[in-house]
Amino acid sequence: MSIVQANHLSFTYTGASKPSIEDISIGVAPGEFVVLTGPSGCGKTTICRCLNGLIPNFYSGDFAGELIVDGMSVKEHTTAELASHVGMVFQNPENQLFSLSVERDVAFGPENLGLSREETRKRVDWALDVTGISHLKDKPPYELSGGQQQRAAIAAVLAMQPKVMILDEPTSFLDPKSALEILEVISDLNKKLAITIILVEHRLDIVSRHANRVIVMDNGRIVLDGTPKDVYGEHARLIGIGLPRVTTLFNLLQRDGIQFPQTPITVDEAASVLRKMLSDD
Amino acid sequence: MIETEGLKFAYPGSLEVLRGIDLKITDGEVVAVMGENGAGKTTLVKTFNGLLMPSAGRVKVDGVDTHDSSVAKLSRDVGLVFQNPDHQLFSETVREELAFSLRNFGYEEDTIDRRVASILETLDLARFAESSPFVLSGGERKRVALAAVLVWNPKHIILDEPTIGQDYQQKDRLRNFIIQLNAQGKTVIIITHDVEFVAECKPRIILLSRGLVIGDRPAEDILTDEALLDRASLTRPQIGALMHQLKDCGLPERTIDVYSAEQAILHALGRKE
């Protein structure tokens, strides 16, 4: 049973000359870690907006087909109803945080669900703990570093206990170290709490080792869908997605006539393959 | 030429963001300014075009102290493309957006048309000429913001995080474009966290941390220096990390781009046989 199921989903923004997404049919199983990628303007953000009901509830346009998230059709439920099933984290955490303390920000969602004080307290403490920012709970968000702010934004979404989390380039404003730490947090949510992750990202370099599935879009359609290893072939390169550099390196070496047992997608894999070749006789 | 001497800057009521910076960026250089979130990168470049004035020390652009220059002149000589395009864009159509500054500078309409058409083409924006910037995707809006500055042909160009939200092809295009600008003798200053992008351009890197310059050397030096990277919250680029892991196999540790790595590995494999 899929936790996200799209059937022939299409959407055209009012005033746009062509659909932003067209005839999308996918199923995502509970507990998957999906990376959604593709050239800019390919429809990734539009899909995210559909998944949490911003489309069709807040963006006007022509919505066709069906999208079911955790058993709820996004057409028939409000964004507020969907919010405790599917959480959304954006690129820039500053757009998401607004309170005078991290704790208030994280409590905002549960309070609006009408939960009891004790339940709200419990969830806030838990979300701050999972994201590793309990010690920052009294700080105003604007005093935090970018990485800490993004953790707070994730905690605020987590406190709603969604089964699915959509993250739209959540690390692109962060320095590389903070970016890797945030990806670890996201990976933990997936592994330890079995939250289904849909992560939009251009930089496959940094996400490949966490994902079990990569979906590539182009021109509003899904053009590739499989494990990272399956997808990072020539076709993906041709439509302009940024393969991990080590994968590109191995593709080049293969073109030079060197045979490899497999094409690596991470630095560690690449190092072990090359080490073996360089020391083997 | 952009020079700073003992440059300090503090926002009102806050600690010093820049704590004494001495730099010299000569005409025609490509420089990457890197460092952790909050290191002071954006603040630094805002002193270059007069948006911010030093609290102490000085900034000189082409020999003139920014205190003695006008913001109008400075902003024409030093084009700054903001990180967030929405802080910059306001027109009804992309074409209007690009023509705006040229009209203000008093160019003839046919010159404006020609320049706008050429920049639309260069940045792969021609098909959006009559669209509103606000229906475009994040990556596309960023390119419009870039075009809106480049169109008036500033002598020095500063790009604040130009690769955010850009896909691989657009980054490639951007890299080629930077090379082209540089070939025209322009100074290009890029603020970025994108170690992979920098590893392929291999410019001089000015590394900032907590308001001070902690490194100012070629990319191959900075991006392979564990201690410096750590202080500035950066990571090795993928190829650099791979070569680092394999240095005991005789691969050159200072190699950080894909094509040099390809050559080095072919060489190592050939030597073995």
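In which loop of chain A does A:Asp70 lie? The residue sits between β4 (61-69) and β5 (72-73) of chain A, where helices (H or I, at least four residues) and strands (E, at least two) are DSSP runs numbered from the N terminus. The model is predicted: local features need pLDDT of at least 70, side-chain atom pairs count only at pLDDT 80 or more, and totals for chains, interfaces and linings use all residues. Residues are numbered from 1 along each chain as its sequence is written, while chains are lettered from A and ligands numbered from 1 in the order in which they are written.

Most residues other than glycine have a negative phi, and most peptide bonds are trans. A:Asp70 has a positive phi of about 50° although it is not a glycine. This residue is partly exposed, with 17 other C-beta atoms within 10 Å; a residue is buried if 20 or more other C-beta atoms lie within 10 Å of its own, exposed if 12 or fewer, and partly exposed in between, with C-beta atoms placed from the backbone. In chain B, B:Glu161 also has a positive phi of about 50° without being a glycine. B:Glu161 belongs to the loop between β7 and α6 (168-183) of chain B and is buried, having 21 other C-beta atoms within 10 Å. A further backbone feature of chain A is the cis peptide bond from A:Ile55 to A:Pro56, with omega near 5°. A:Pro56 is part of helix α2 (residues 54-57) of chain A.

The sheet of chain B can be followed strand by strand. Strands of a sheet pair through backbone hydrogen bonds, either parallel or antiparallel. Here six strands form an open sheet in the order β6-β7-β8-β3-β9-β10 (chain B), with mixed pairing; two strands count as paired if DSSP finds at least two bridges between them. β6 (78-81) and β10 (212-218) of chain B stand at the edges with a single partner strand each, so one side of each has no neighbour in the sheet. On average, neighbouring strands of this sheet are turned by 15° against each other, direction ignored; axes are lines fitted to C-alpha atoms, for helices over the stretch in contact, and angles run from 0 to 180 degrees between N-to-C directions.

Helix α5 (residues 138-150) of chain B lies across both β6 and β7 of chain B and runs at about 170° to β6(B). β7(B) in turn pairs with β8(B) over five bridges in the parallel sense, and B:His156 stands opposite B:Thr187 in β8(B). The chain passes from β7(B) through α6(B) to β8(B) in a right-handed β-α-β crossover, meaning that with the strands pointing away from the viewer, the path from the first strand over the helix to the second runs clockwise.

Strand β8 (residues 187-191) of chain B is largely enclosed by the rest of the structure, because five of its five residues are buried. In a regular strand the side chains alternate between the two faces of the sheet. B:Thr187, B:Ile189 and B:Ile191 point one way from β8(B), and B:Val188 and B:Ile190 the other way. β8(B) is also joined to β3 (residues 30-35) of chain B by four bridges, in parallel, with B:Ala32 as the bridge partner of B:Ile190.

The domain assignment of chain B, automatic or from a database, gives domain 1 (2-229) and domain 2 (236-273). The centres of these domains, taken over C-alpha atoms, are separated by 32 Å. Ten residues of domain 1 of chain B are in contact with nine of domain 2 of chain B; contact requires C-beta atoms, placed from the backbone, to lie within 7 Å. α7(B) supplies the largest share of the domain 1 side, four residues. Helix α10 (residues 238-245) of chain B is mostly covered, with six of its eight residues buried, among them B:Ile239 and B:Leu242.

Between the chains, 41 residues of chain A are in contact with 35 residues of chain B. On the chain A side, α12(A) gives the largest share, eight residues. That side divides into 20 nonpolar, 14 polar and seven charged residues, where Ala, Val, Leu, Ile, Met, Phe, Trp, Tyr, Cys and Pro count as nonpolar, Asp, Glu, Lys and Arg as charged, and the others, Gly among them, as polar.

How values were computed: Contact = placed C-beta atoms within 7 Å.
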